[in-house]
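Me: Can you walk me through this one? I'd like to start with a helix contact.

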Amino acid sequence: MTLTRKVLAASALALFVASPISSVFAESSTSMGDSGASASAPAQGAPVNLDDATLQKAAKAYVKVKQIVHQEKQANSSAQPDQASAQSEKIAVVKNEGLDPQQYNQVIQIVQNDPQLQQKFANYVNQNGGEPD
């Protein structure tokens, strides 16, 4: 299934891109108490409830984050990119979908490790206008 592989690769890219989001968010939020939460055992925050609604929110945010990354790459080739602005946009996109950056990262990690969720996630990404890589 090449679509599943592409989604996994895209998810890995999203995780790579989103990783700084969680560290920036962690620095601004002292209530979380965990600088490197994992998908299986978040420290003080509630574990991600990976129901369909959460998966849909993450997929919608993923599509928008991917668009920001694409724009950032285009700006990188033509001029000096404003990485701080792009980072702020990514955080805002994730928060606007009702997730905090750590939850978003956790969902992406969980999806990466579950082939059934990868397919479901890919469907939600496609429903939100995302394209396979």
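Me: Which residues in α4 meet which in α5?
Reply: Ile108, Ile110, Val111 and Gln112 in α4 meet Leu117, Gln118 and Phe121 in α5. Contact means heavy atoms within 4.5 Å. This is a predicted model: local features need pLDDT of at least 70, side-chain atom pairs count only at pLDDT 80 or more, and totals for chains, interfaces and linings use all residues. Residues are numbered from 1 along each chain as its sequence is written, and side-chain values use heavy atoms, with hydrogens and water left out.

Me: At what angle do α4 and α5 pack?
Reply: About 120 degrees, with their axes 7 Å apart. Axes are lines fitted to C-alpha atoms, for helices over the stretch in contact, and angles run from 0 to 180 degrees between N-to-C directions.

Me: New topic. Is Phe121 buried or exposed?
Reply: Phe121 is buried, at 0% relative accessible area. Buried means under 20%, exposed over 50%, partly exposed in between (1.4 Å probe, protein chains only). Tyr62 counts as buried too, at 5%.

Me: And how much of the protein is buried?
Reply: 41% of its 133 residues.

Key:
Helix = DSSP H or I, 4+ residues; strand = E, 2+ residues; numbered from the N terminus.
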